[in-house]
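Biologist: Thanks for sitting down with me. I would like to go through this model and ask, point by point, what each label rests on.

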Amino acid sequence: MRDALYISNLEKTFAHDEALPSLPVPTLSQTIEKYLDSVKVFVTEEEFENTKKIALNFQNGVGKELHNKLLQRAVNQRNWLEKWWEDVAYLSQRTPLLPLCSMAGFTNMDGLWKPVPGTQIERAALYMYFQLHFWKFLRQEKLKPHTSHDIPWSMHQFRRYFNTVRIPGEVQDKLECYFHTELEEPASPTHVVILHGGHIFSFDAVDEYGDILIPPEFQLQFKRIKDWCEENGPGSSVGALTLDDRTSWAKNREWLLQIHPENELHMETINTALSIIVLDDAEPTDLTRIVRETLAGDGSNRWADKSVTNLIFNNGAFGLISDHTPFDGLVPVVAGHFTYLSLRESGGVWKGPQAVERDLLPPRRLDFHLDDHIRSAIQESKRLYQLMVEDTDVVCESFTQYGKSFLKTYNFHPETYAQFALHLAYYTMHGRPAATYVTAATRQFYHGRTETMRSCFPEVVNWVRAMIDDQKSVNDKLQLMQIAARKFKLLMKDCTENNGCDRHLLGLYMTSVEEGMPLPELFSDPSWIKSGGSGNFVLSTSCCGYTPLGGCVMPMREDGYGTFYNIENQRFTFTISAFNRCPETSAAKFYD
């Protein structure tokens, strides 16, 4: 099943990327129409009329000028949004990556690997063996290119899954990627970096012949690391520095590099590594605890800058941390599902040679030289991180009465259903609608990523209000639900074609900034923030797909929720996050 789903010997992984159409620019009138429709449920009639006046003045005035300049940019750039999106949404943000910005991932193993103390290194070995196979298939371009309704999708994001790092800067970070296919130069680095006990180690995961280490060899290297740490005690936890805000980490990083020349070599080893592996001492026993330990776990053993961190806990449970900058959530889901299917097909057991029949160089310890300033910075970073951990409220639970199969019999799209459940839950709990972000993929375009689908539109709110109105009949409620579902389908289709409103409005805003123009009134109007503009969506939601793999991010705002969901034939799994400091929100109550 794994190879049938993911491997292709006919089409190369990146074969279609250069032939994809450029990212289009929507019409200005269409964008303004969509924006106004998304505002209605969050403002009074008087406020809406004022916003409508502002929006139409924008459309017929400065907005038209900005739109024409954006069209010119689109002539000269195949993806007019790409650099702006990375810079504004990610690289210029100064917020700590963990736990506030990175994505946490998990897999519901359904009894294949139940948490059992003492299984850590054996499972880590098999897990990483299959992860390395995914890396190798990517390098060979054997991963099957993605399509949707026979339309090719961009695979560009997969180039930045492995061997990628986000380098902190005092004003803006930068992304560096060292991954290359087998036909490209230079060759991709083949070493991995392991964090355990506050120490950092590295070893080659691929031998000189290009063969991946077998699980017993991985296991030997992991055992060497654990034995050394047990004998020598806790390390300095240099990785905790990466948990600070980006400006502070950038300054401390420069200081660290100037202490001793070896520090720069160690940093390069980490930056170029295939991925990070954390042998974590925690023993989470259910999905909520796994997600929490993944997103907000032991700060002594994290390196937040890397694109991928694989966490294997002491009881054999595992999680994944992904930096959101280089790719969106579907990329780690695909890599994780490949590994999941590999584990299921093997029964979770290595059936090859059990002995290590060659001498392997022991893991190399990356022993950073420190001074009092850096030691103090590590402790301060840990302290601030712990405050964020204590503010993190996470719940991950599954609804198992029915799933995708049941909805299919009624021709009701499962993501639409999940979205409606979230809107009904929020309105019931808080007594008002919530500005909602839903991820819509625009990967049918060159280097396409996402558009925002604003799913809290008037038809949804009409249905929600009917559902809590005892005077409404079942037929009335069903009819309103069907009307809202049709609108959802149309809006999602528009957004996947880059015909939403948020990315276009971002482009117009950035054009005004780069041209040195005054801020257009559209973006200072209170309706802009109330409807979710500038990253103020109360519900930040995304579908992780239709596999046992789920994820989690923290909310966009203090009084909001992060709500990821993955949908299977017989269950919905929701992962809800909130901030403990907000007295109005509760992840557990929202799920219930």
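Biologist: How do you know that the span of helix α16 agrees with its number of residues?

Modeller: This is a predicted model, and everything here is computed from it. Helix α16 covers residues 474–496, which is 23 residues. At 1.5 Å a residue it should span 33 Å, and its end C-alpha atoms are 33 Å apart, so the two values agree.

Biologist: Which residues of α16 are buried, and what do they pack against?

Modeller: Buried means under 20% relative accessible area. In α16 the buried residues are Lys477, Met481, Ala484, Ala485, Lys487, Phe488, Leu491, Met492 and Cys495. Their packing partners are the helices α2 (28–39), α14 (414–430) and α15 (458–467), along with the strands β13 (436–441) and β14 (450–454). After α16 comes Asn498, with a positive phi near 60 degrees.

Biologist: What makes the contact between Asp502 and Arg454 a salt bridge?

Modeller: The cut-off is 4 Å between a side-chain nitrogen of Lys or Arg and a carboxyl oxygen of Asp or Glu. For Asp502 and Arg454 the N to O distance is 2.8 Å, so the pair meets the definition. The two residues come from distant parts of the chain: Asp502 sits in helix α17 (residues 502–514) and Arg454 in strand β14, 48 residues apart. Both Asp502 and Arg454 are buried.

Biologist: Why is the pair of Arg432 and Glu584 said to tie together separate parts of the sequence?

Modeller: The side chains of Arg432 and Glu584 meet in a salt bridge at 3.2 Å, N to O. Arg432 lies in the loop between α14 and β13, while Glu584 lies in the loop between β18 (571–579) and α19 (587–591), so the pair joins parts that are 152 residues apart in sequence.

Biologist: Why is Ser540 called buried?

Modeller: Its relative accessibility is 6%, so Ser540 counts as buried. Ser540 is in strand β15 (residues 539–543). Not counting residues up to four places away in sequence, Ser540 touches Tyr437, Val553, Met556, Tyr561, Gly562 and Thr563.

Biologist: Why does Asn271 count as buried?

Modeller: Asn271 has a relative accessible area of 7%, so it is buried. Asn271 is in helix α9 (residues 261–272), and beyond four places in sequence Asn271 touches Thr164, Val165, Ile167, Tyr178, Arg253 and Lys306.

Biologist: Is Arg581 buried or partly exposed?

Modeller: Partly exposed, because its relative accessibility is 46%. Arg581 is in the loop between β18 and α19. Leaving aside neighbours within four places in sequence, Arg581 is in contact with Asp391 and Glu558.

Biologist: What lines the largest cavity?

Modeller: A cavity is space where a 1.4 Å probe fits but cannot get out. The structure has four cavities of 30 Å³ or more, and the largest has a volume of about 90 Å³. Its lining includes Leu23, Trp85, His447, Arg449 and Asn498.

Biologist: Which residues lie closest to the centre of the second largest pocket?

Modeller: That pocket holds about 380 Å³ of space. Of its 17 lining residues, Phe203, Asp204, Val206, Leu360 and Leu361 are the closest to its centre. Strand β7 (residues 199–204) gives the largest share of the lining, three residues.

Technical notes: Residues are numbered from 1 along each chain as its sequence is written. This is a predicted model: local features need pLDDT of at least 70, side-chain atom pairs count only at pLDDT 80 or more; totals for chains, interfaces and linings use all residues. Side-chain values use heavy atoms; hydrogens and water are left out. Helices (H or I, at least four residues) and strands (E, at least two) are DSSP runs, numbered from the N terminus. The expected span of a helix is 1.5 Å times one less than its number of residues. Buried means under 20% relative accessible area, exposed over 50%, partly exposed in between (1.4 Å probe, protein chains only). Contact means heavy atoms within 4.5 Å. On a 1 Å grid over the protein atoms alone, a cavity is a set of points where a 1.4 Å probe fits but cannot get out, and a pocket is an open set with protein on both sides within 12 Å along at least five of seven lines; lining residues have an atom within 4 Å of a point. Grid points are joined across faces, edges and corners, and a volume is the space filled by probe spheres set on the points.
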